[in-house]
Amino acid sequence: MNSTTGNGSIESSSCFSLTASKIGQIISLSLTLAVSLVGNSLIVIIVCKTPTLRKPINYFIANMAVSDLLFPIFWLPWRLSELHYNDNSWSIGGQFRQALCKIVPFFSYVSITVSVQNLILIAVDRFGAVVFPLRSPFIRCELSPFFILATWIVAVAFSSSYLFVFDLFKYQGETECIERWKKAFGESSSFTDFIVAFFIVFIYLPVLLLAILYSIILINLKTQVHPGEQFANTQQQQNRRNRNVLQLSITIVTVFVLCWLPYTTNFFIVRAGSIHFSCGFQLYFDVTICMASSYCAINPLICFIFSSNYRQGLKRVINSSTVVET
């Protein structure tokens with residue numbers, strides 16, 4: 001995830017709102033950094049310490065929390081440093097600078113790729129539970145670790161090209177970390193093609209699949225026929241639980257779409273070269289970056305707002321830490 005267009009940085013020296021925009025970004029990203037680190041760490045701790053949450057859907061939420069931690073650990077500090085020093089130069093010396101240039105974009109895209117795959121796994125788990133309630137679960141609890149491992153293998157494999165593409169480059173006395181796709185892979189392909197493929201495979205197609213799965217689930221819940229009077233109460237309780245979990249799952253997906261789609265469509269517009277780099281567009285571009293970044297902080301908040309199990313788990317973690325301190 002880059003703060004530039006890929007064809008160069010958006011010129012901003014003539015923008016009257018540059019200072020206000022930069023201050024706004026620093027405040028927004030700093031808040032995202034703090035909330036994401038604390039919130040996602042708590043989600044992982046709660047799932048690990050709460051036996052009743054040891055189910056596939058909660059394992060996938062915890063896995064998503066782990067992947068969301070990569071963003072505040074790697075990308076957000078770099079972006080805040082870039083905003084603070086008002087440039088894209090990498091002033092850190094030695095081999096550490098070279099390593100950061102590669103691993104910051106690498107882990108940024110690993111993070112979003114793992115998150116998207118977990119959204120799909122959660123939807124498939126809910127699909128099986130609601131549409132085929134009498135069958136064995138689509139994703140059994142003992143198989144969850146294998147699915148989780150698979151999400152990281154796919155993410156690392158697809159994002160590994162960033163380790164070869166990004167490199168340090170000296171320009172006008174400054175050392176910058178830039179994408180040099182053709183140097184790494186030749187003239188037959190382009191970085192634009194890779195990004196387009198990434199957005200299609202890991203953003204647009206998953207969103208379409210999620211929309212289809214959750215539409216079927218919602219339709220099924222509305223048209224479900226009770227098997228008999230004696231099972232009415234049990235069925236109602238089961239439907240209530242399914243609706244509560246669905247509310248959590250659909251909210252997470254909706255927030256993902258709202259946070260990420262503006263950034264991806266913005267990228268296509270810039271890559272097509274069909275818009276002038278005006279101050280207004282720069283402001284919009286900065287806002288989309290903040291929106292995409294905020295996803296890693298909003299996720300744990302959704303869990304605490306929509307799930308009583310996570311709220312109770314949070315209380316237990318706070319109480320246990322208070323007991324240890326006293």
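1. Two strands pair if DSSP finds at least two bridges between them. Helices (H or I, at least four residues) and strands (E, at least two) are DSSP runs, numbered from the N terminus. On that basis E1 and E2 form a hairpin with 2 residues between them, and Gln-172 in the turn has a positive phi of about 55°. Strand E1 covers residues 166–171 and pairs with E2 in the antiparallel sense over 6 bridges. Phe-166 stands opposite Glu-179 in E2, and Leu-168 stands opposite Cys-177 in E2.

2. Basis of the values. This is a predicted model, in which local features need pLDDT of at least 70 and side-chain atom pairs count only at pLDDT 80 or more, while totals for chains, interfaces and linings use all residues. Residues are numbered from 1 along each chain as its sequence is written, and side-chain values use heavy atoms, with hydrogens and water left out.

3. Confidence. The predictor's confidence in each residue is its pLDDT, on a scale from 0 to 100. The mean for the protein chain is 84, and 83% of its residues reach 70 or more. Confidence is lowest in E2, at a mean of 80, and highest in helix H4 (residues 144–159), at 96. Over residues 4–13 the pLDDT is below 50, and this stretch has 19 contacts in the model beyond near neighbours in sequence; a contact means heavy atoms within 4.5 Å. Where pLDDT is low, the predicted coordinates should not be read in detail.

4. Overall make-up. The protein chain has 10 helices and 2 strands. Along the sequence the pattern is α-α-α-α-α-β-β-α-α-α-α-α. Among contacts in the protein chain with a separation of 6 or more, 79% are between residues 24 or more positions apart.

5. Buried means under 20% relative accessible area, exposed over 50%, and partly exposed in between (1.4 Å probe, protein chains only). Of the 326 residues in the protein chain, 45% are buried.

6. The disulfide. A search of the whole structure finds 1 disulfide, the term being used for a pair of cysteine sulfur atoms within 2.5 Å. Cys-101 and Cys-177 are the two partners, with an S to S distance of 2.0 Å. Distant parts of the chain are linked by this pair: Cys-101 lies in helix H3 (residues 94–131) and Cys-177 in strand E2 (residues 174–179), 76 residues apart. The torsion about the S-S bond is about 85°, so the disulfide is right-handed. Cys-101 is buried, at 0% relative accessible area, and Cys-177 also counts as buried, at 10%.

7. Other cysteines. The cysteine sulfur closest to that of Cys-296 belongs to Cys-259, and the distance of 9.2 Å is too far for a bond. Cys-296 is buried, with a relative accessible area of 4%. Cys-141, by contrast, is partly exposed at 32%.

8. The nonpolar core. The term denotes a set of buried Ala, Val, Leu, Ile, Met, Phe, Trp, Tyr and Cys residues joined through side-chain atoms within 4.5 Å. The largest such core has 79 residues, of which Phe-256, Trp-260, Tyr-295 and Tyr-310 touch the most other members. Helix H3 supplies the largest share of this core, 16 residues. Leaving aside residues up to four places away in sequence, Phe-256 touches Ile-112, Val-116, Leu-119, Ile-203, Val-207, Leu-261 and Tyr-295.

9. Val-110. This residue is found in helix H3 and counts as buried at 1% relative accessibility. With residues up to four places away in sequence not counted, Val-110 touches Leu-70, Trp-152, Ala-155, Val-156 and Ser-159.

10. Lys-22. The residue has its place in helix H1 (residues 18–49). At 22% relative accessibility, Lys-22 counts as partly exposed. Lys-22 and His-84 are 62 residues apart along the chain, and their C-alpha atoms are separated by 8.3 Å.
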